[in-house]
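Q: Could you walk me through reading a structure like this one, starting with its strands and moving on to its helices?

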Amino acid sequence: MAEQQAFHPGVSLVGAVDLEALKHQVKAEPGQAGGAPAAGGYVIDTTENTFQAMVQTSATFPILLFLWVPTDDRLFAMARALGDAVNKLNGQIQLSRIDIASNPSIAQAFQIQGAPALFALIGGRPMPILQGLPSDEELQQITDVVVPKLIAAAQRAGVTGTAPYSGDPDSDAANSASAGSVQDQVPPEHQEAYMLAQQGDYAGAAAAYEKVLEADPNDTRAARERAKALLLARSANADVRVVRAAAADKPDDVDAQLAVADIDMIGGQIQDAFDRLLDFVAAGHKADIEPVRQRLLEYFTIPEPTDERLKRARRRLATLMY
């Protein structure tokens, strides 16, 4: 790759008036006509509230961090190229996009001077790749050479998990009709819970989704979001290495196995989470089947109902119970 532009630790111009950026500012939200490419697939948008959880998952799969401003049209081509490259790799790496205008503390933590900046994150350790707009040749080298090297480095470090898939991305924003914001698509009865989750109050969000389910027990979306909120409330800030070490040291401890299954679920390793708990019961821990069953029933609301992993796990749990 071309020589990286220099970083200047301790200097941050984030928040200063950038006259050039103003010339390139667009009003459309990502995914809307004329706006930046939308997140989706293996591309996520991270905020200050979800940043720590995202860092934790880098112990499970590698992450490419793209610090940008999603209203600056100079960055759209780079965002699209990175997103398309990552989505072609089917979860071997995740692209996490961070809006530094809305999340200045993250920009300050990385000591960047402005957008764009690109980092790799493996096992919680950030590695600078590039700061400033790359040339076409540099961008192609990042997508074709650097990203595969990051995946290989992660595998050598034992970070071999698969990133979770978050739905079909709209990789060409120009072809998108007005998609509207995510919040606009949230059912009115879910708004309170949704906002609490966005603020990082996962326990509060779970409680709010519980109220929605009391009014409508058949609300599958509320059940799924409640399960995700409970999962993050328990384990979003857990130290992955400590949790995995405890599970290895205490193979007969149900709480240790439940904790590491949570880490698997957060990291998108759904099959590993299911198998870990089912294998634990099958290995002679029938006395602990009730907490395992309760946790699995919670997990079962997260994948799509047609997911074959879900069907197999349900059948196996039923067998183990009788």
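A: Happy to. One definition first: two strands count as paired if DSSP finds at least two bridges between them. Keep in mind that this is a predicted model.

Q: What is the bridge partner of I122 in strand 5?

A: I122 has R125 as its bridge partner in strand 5. That bridge belongs to the pairing of strand 4 (residues 117–122) with strand 5, where six bridges join two antiparallel strands.

Q: In which order do the five strands of the open sheet come?

A: The general idea is that strands of a sheet pair through backbone hydrogen bonds, either parallel or antiparallel. Here the order is 1-3-2-4-5, and the pairing is mixed. Strand 1 (43–46) and strand 5 (125–131) sit at the edges with a single partner strand each, so one side of each has no neighbour in the sheet. On average, neighbouring strands are turned by 25 degrees against each other, ignoring direction.

Q: In which sense do strand 2 and strand 3 pair, parallel or antiparallel?

A: Strand 2 and strand 3 (residues 94–99) pair in the parallel sense, over six bridges. As a landmark to find on screen, L65 is opposite S96 in strand 3.

Q: Is strand 2 (residues 63–68) enclosed by the rest of the structure or left open?

A: A residue counts as buried when its relative accessible area is under 20%. Six of the six residues of strand 2 are buried, so the strand is largely enclosed by the rest of the structure. Both faces are covered, with I63, L65 and L67 buried on one side and L64, F66 and W68 buried on the other.

Q: Which strands does helix 3 (residues 76–87) touch?

A: Helix 3 packs on the sheet and touches strand 1, strand 2, strand 3, strand 4 and strand 5. Its direction makes about 165 degrees with that of strand 2. Helix 5 (residues 136–156) lies across strand 2, strand 4 and strand 5, and runs at about 15 degrees to strand 4.

Q: At what angle do helix 11 and helix 12 cross?

A: In general, two packed helices are described by the angle between their axes and the distance between the axes. The axes of helix 11 (residues 270–282) and helix 12 (residues 289–300) cross at roughly 160 degrees and come within 10 Å. The two helices are therefore roughly antiparallel, and their crossing is left-handed. Helix 11 makes the contact with A273, F274, L277, L278, F280 and V281, while helix 12 uses I289, V292, R295, L296, Y299 and F300. Sorted by class, that contact has 11 nonpolar residues, no polar ones and one charged residue.

Q: How does helix 8 (residues 220–235) pack with helix 12?

A: Helix 8 and helix 12 pack at an angle of about 125 degrees, with axes 8 Å apart. They are therefore oblique to each other, and this crossing is left-handed. On the helix 8 side you will find A227, L230, L231 and R234, which meet R295, E298 and Y299 in helix 12. By class, the contact has four nonpolar, no polar and three charged residues.

Q: Is P305 buried or exposed?

A: P305 is exposed, with a relative accessible area of 62%. You can find P305 in the loop between helix 12 and helix 13 (308–321). Leaving aside neighbours within four places in sequence, P305 is in contact with L310 and K311.

Definitions and conventions
Residues numbered from 1 in each chain as written. Predicted model: local features only at pLDDT ≥ 70, side-chain atom pairs only at ≥ 80, totals over all residues. Heavy atoms only, no water. Axes fitted to C-alpha atoms, helices over the stretch in contact; angles between N-to-C directions. Helix = DSSP H or I, 4+ residues; strand = E, 2+ residues; numbered from the N terminus. Parallel < 35°, antiparallel > 145°, perpendicular 65-115°, else oblique. Left-handed = near helix turned anticlockwise from the far one by under 90°. Contact = heavy atoms within 4.5 Å. Nonpolar A, V, L, I, M, F, W, Y, C, P; charged D, E, K, R; others polar. Buried < 20%, exposed > 50% of the residue type's maximum accessible area, 1.4 Å probe, protein only.
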